[in-house]
Amino acid sequence: MSGHPLGARVAALQRSARLPQLTAALARDGEVVAEAAAGVPEPAPDVQFRIGSITKTFTAVLVLQLRDEGRLALEDPLGRHLPGLPAAVADARAGDLLAHVSGLAREPGGDFWEAVPGPDAQGLLGLLPDPARVLPAGSRWHYSNLAYALLGRLVEELRGADLPTVLRERLLGPLGLERTSWLPEPPHAQGWRLHPFADLVEPEPHADTAAMGAAGQLWSTPRDLCRWGAFLLDPDPALLAPATAAQMRRPVVVVDDAWTQAHGLGLQLVRRGERVLAGHGGSMPGFLAGLVVLPGEGLVAAACANAWQVADPVGLCVDAVLDEAGRAPRRPRAWAPSPVPDAVRELLGEWYYRGAPVRLVCREGLLVLDSGRRRERFEPAGPDLFRGLDAWQGGEPLRVRRGDDGRPAVLDLATWLLVRDPEDPRGLP
């Protein structure tokens, strides 16, 4: 890893931003390919830093696990699962909270960020600001730590355990994230407050945010965060459905008019040219952190620092993964033949829609409809039935209609009829 460009990026940012310590890691397909650190003393790879709002990505996965189990729907109002909530927040929908479009206030009321420790569950409800909703639901993106605190309560209610226990049992333990924890575990960094006019530092308290913890409590390392990012790209299906991970990375709301930033379900999205990267930034008094993943390249970068200062660890991670994607392109997976079921094989070849040819091929067990302008994939969904996976035909049915001889005569794609003979636009009598 010596001489990797990540080292120069980390050293430059640590000095220019006056960060006492800065550490970063870069991984591809789950394997660390570069690590770098700068500071006095230079932090070891296993030193924990507070990761702030990157915690929200863990909370989001816990909520989506419940959705995938059928325990809740993203359209559910919180009051359906959390009895006794004030009316101001009871009708906030789970999916809106995940994407920061609920319209809820950014923070609880009172001097929360100066409080040590944070409120318990009951105290949190007592700290709801007035008004608790500052914008109409769904009207625009509005970041809300309060929203994620309420999602944490939702997880606790439906799992019947406190959030640190649920995190440990359902994510940290199964994924082997041994250096990620609710409270700091040695060795860990001290958070610092920088003097604006001199090269002096003062220690920041390491507050336990308690019921607000779902929004920003966790401590971790760049190595563990790279492992977590790899999971967000290619999850263990026993813990999270790959389709759900992909849903997290799809934009729900655009943050700025230029569409350089957007938000999915628990993930911040950054667009650089034609590439859309996903991840999250984090900050707590005395700490900054960033996590970025690049779909399609298997790349993850994470960075942690111990000062709350004008610095951009997310930008560092974005630059690191884009640089690595250009510097060392991902090696393609080797092609290998795979069996094709007879029920699929008889559908392959050329079809026509109103005289226009389309090709139906089978790739990696999926039907692929190639019109020349776009390629749409379909997965088996029952006898003579397939279901679209991609944007244009996502969720749409592709049904096989058979002639009197039992052979496929028409493909009914959501009422669009594809036929074998371009001169017979309906294919069946």
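## Exercises on loops, helices and cysteines

Arg354 sits in the loop between β13 (349–353) and β14 (356–363); helices (H or I, at least four residues) and strands (E, at least two) are DSSP runs, numbered from the N terminus. The model is predicted, so local features need pLDDT of at least 70 and side-chain atom pairs count only at pLDDT 80 or more, while totals for chains, interfaces and linings use all residues. Residues are numbered from 1 along each chain as its sequence is written, and side-chain values use heavy atoms, with hydrogens and water left out.

**Exercise 1. Find the phi of Arg354 and of His100, and decide whether each residue is buried or exposed.**

Step 1: Start with the backbone. Arg354 is not a glycine, yet its phi is positive, near 50°. His100, also not a glycine, has a positive phi of about 60°.

Step 2: His100 belongs to the loop between α4 (94–99) and α5.

Step 3: Check accessibility. Buried means under 20% relative accessible area, exposed over 50%, and partly exposed in between (1.4 Å probe, protein chains only). Arg354 is exposed because its relative accessibility is 70%, whereas His100, at 0%, is buried.

**Exercise 2. Describe the surroundings of His263.**

Step 1: Locate His263 in strand β8 (residues 261–263). Its relative accessible area is 1%, so His263 is buried.

Step 2: List the contacts, meaning heavy atoms within 4.5 Å. Beyond its neighbours within four places in sequence, His263 touches several residues, among them His100, Trp141, Arg250 and His280.

Step 3: Look for a polar partner. A polar atom of the His263 side chain lies 3.2 Å from the backbone oxygen of Leu267.

**Exercise 3. Which residues does Thr55 touch, leaving out those up to four places away in sequence?**

Step 1: Find Thr55 in helix α2 (residues 55–68). With a relative accessible area of 1%, Thr55 is buried.

Step 2: Read off the partners: Gly213, Ala214, Ala215, Gly216, Gln217 and Leu218.

**Exercise 4. How do helices α1 and α10 cross?**

Step 1: Take the axes, which are lines fitted to C-alpha atoms, for helices over the stretch in contact; angles run from 0 to 180 degrees between N-to-C directions. Those of α1 (residues 5–16) and α10 (residues 313–327) come within 10 Å and cross at roughly 160°.

Step 2: Classify the angle. Under 35 degrees is roughly parallel, over 145 roughly antiparallel, 65 to 115 roughly perpendicular, and the rest oblique. α1 and α10 are therefore roughly antiparallel.

Step 3: Name the residues in contact. From α1 come Pro5, Leu6, Arg9, Val10 and Leu13, and from α10 come Leu316, Asp319, Ala320, Asp323 and Arg327.

**Exercise 5. How many disulfides does the structure hold?**

Step 1: Recall that a disulfide is a covalent bond between the sulfur atoms of two cysteines. Here the cut-off is a pair of cysteine sulfur atoms within 2.5 Å.

Step 2: Apply the cut-off. The count is zero disulfides. For Cys226, the closest cysteine sulfur is in Cys317, 7.9 Å away, so it is too far for a bond.

Step 3: Cys226 is buried at 2%, and Cys362 is buried at 14%.

**Exercise 6. Locate two cis peptide bonds.**

Step 1: Asp130 and Pro131 are joined by a cis bond with omega about 5°. Pro131 lies in the loop between α5 (121–126) and α6 (145–159).

Step 2: Pro186 and Pro187 are also joined in cis, with omega about -5°. Pro187 lies in the loop between α7 (163–172) and β4 (192–194).

Note on methods: Polar contact = N/O pair within 3.5 Å; in protein donor to acceptor, adjacent residues only side chain to side chain.
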